Amino acid sequence: MKAFLTAALDAAARGWPVLPLRPGAKRPALHGETACTRTGPCIEGHVKWEQRATTNPDRIRTAWATGAFNVGIATGPADLVVIDLDQPKNSADAPGGAATFAALCERTGHTVPTTRRVRTASGGTHLYFTAPAGARLGNTAGSLAPLVDTRAWGGYVVAPGSTTPTGTYVLEDDRPLVPLPAWLTALLAPRQEMRGLSIAPAVVSASRAAVAALNAETAAVASTIEGGRNARLLAGARALGRFIAWGDLPRHVVEEAFQGAGEAAGLAPAECRATIRSALNWSIRTARPRGAA
């Protein structure tokens, strides 16, 4: 029981609100709305677990004195985004979340981010990031890639030191957290694809990889600082020309998206148009066939 208390206090000391989870399990050890007696903290109405999560050491000690509770970290109030790379449950030959996430990073021209890492009880991985300022991200399930989920507002993760029948959550890399990369923020922002592309949902859904690449590249362009903006715009547009050549994205959609990103980064409109036109012309002309790419 002392180990669980220590884990809860350690998380709280980082400013991460915690909640008790059922011993040996991952579900909150707090009552649900249907069982609420409207007493104590719920005297004025049911208070959900996200609101009851706390960093108060006295409240934590009181809660964990009553049982060997696992520890949950409320990701939203903690200003965290945690990417959960899960293991396949039914087939040892199927790629796990780590592999599908690495493939997503490669397709979009990025490396797998290096940040705080926790091994889950089932052998998966939790990657911890600080949440982007000004964006209220929610939870996702498989929208980035198969077996890749995310936890932010409305979610929680099981803290290291907690145990389940399948194993223990173990801190594997205690390095400082890094901010969620801009390209991942763009992919996770609610309805980001529809706002950014301004094309019919039927067209978007037919080329999900292309949409993901476009959102990632334009987010990277928009966040580039002075000194490398034009070069980043050129590289981003060149990376997307193949999708135009393959018929996955209309050219005007790509041009409009990069135009907005370049201007958001501070480039002059005429400079953006010239760079985008040159980059796409080159990329389309030199694109390899889809099967050879």
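Contact here means heavy atoms within 4.5 Å, and the model to which this is applied is a predicted one. Leaving aside neighbours within four places in sequence, glutamine 259 is in contact with Pro269, Cys272, Arg273 and Ile276. Glutamine 259 belongs to helix H10, which covers residues 251–265, and its relative accessibility is 13%, so it counts as buried, the limit for that class being under 20%. The side chain of glutamine 259 also makes a polar contact, at 2.8 Å, with the side chain of glutamate 263. In general, an α-helix has 3.6 residues a turn, so residues three or four places apart point the same way.

Turning to the aromatic rings, the count of aromatic pairs comes to two. In one of them, phenylalanine 243 and tryptophan 246 have ring centres 5.7 Å apart and planes at 80 degrees, and the pair is therefore edge-to-face; both phenylalanine 243 and tryptophan 246 are buried.

| Arginine | Ring | Distance to ring centre |
|---|---|---|
| Arginine 136 | Tryptophan 153 | 3.9 Å |
| Arginine 238 | Tryptophan 282 | 4.2 Å |

Helix H8, residues 208–222, spans 21 Å from its first C-alpha to its last over 15 residues, close to the 21 Å expected at 1.5 Å a residue. Because twelve of its 15 residues are buried, H8 is largely enclosed by the rest of the structure. Among these buried residues of H8 are Asn215, Glu217 and Thr218, as well as Ala210, Val211, Leu214 and Val221.

Key
Residues are numbered from 1 along each chain as its sequence is written. This is a predicted model: local features need pLDDT of at least 70, side-chain atom pairs count only at pLDDT 80 or more; totals for chains, interfaces and linings use all residues. Side-chain values use heavy atoms; hydrogens and water are left out. Helices (H or I, at least four residues) and strands (E, at least two) are DSSP runs, numbered from the N terminus. Buried means under 20% relative accessible area, exposed over 50%, partly exposed in between (1.4 Å probe, protein chains only). A polar contact is a pair of N or O atoms within 3.5 Å; within protein, one must be able to donate a hydrogen and the other to accept it, and residues adjacent in sequence count only if both atoms are side-chain atoms. Rings of Phe, Tyr and Trp (its six-membered ring) pair if their centres lie within 6.5 Å; planes under 30 degrees apart count as stacked, over 60 as edge-to-face and the rest as tilted. A charge sits over a ring if NZ of Lys or CZ of Arg is within 6 Å of the ring centre and within 35 degrees of the ring normal. The expected span of a helix is 1.5 Å times one less than its number of residues.
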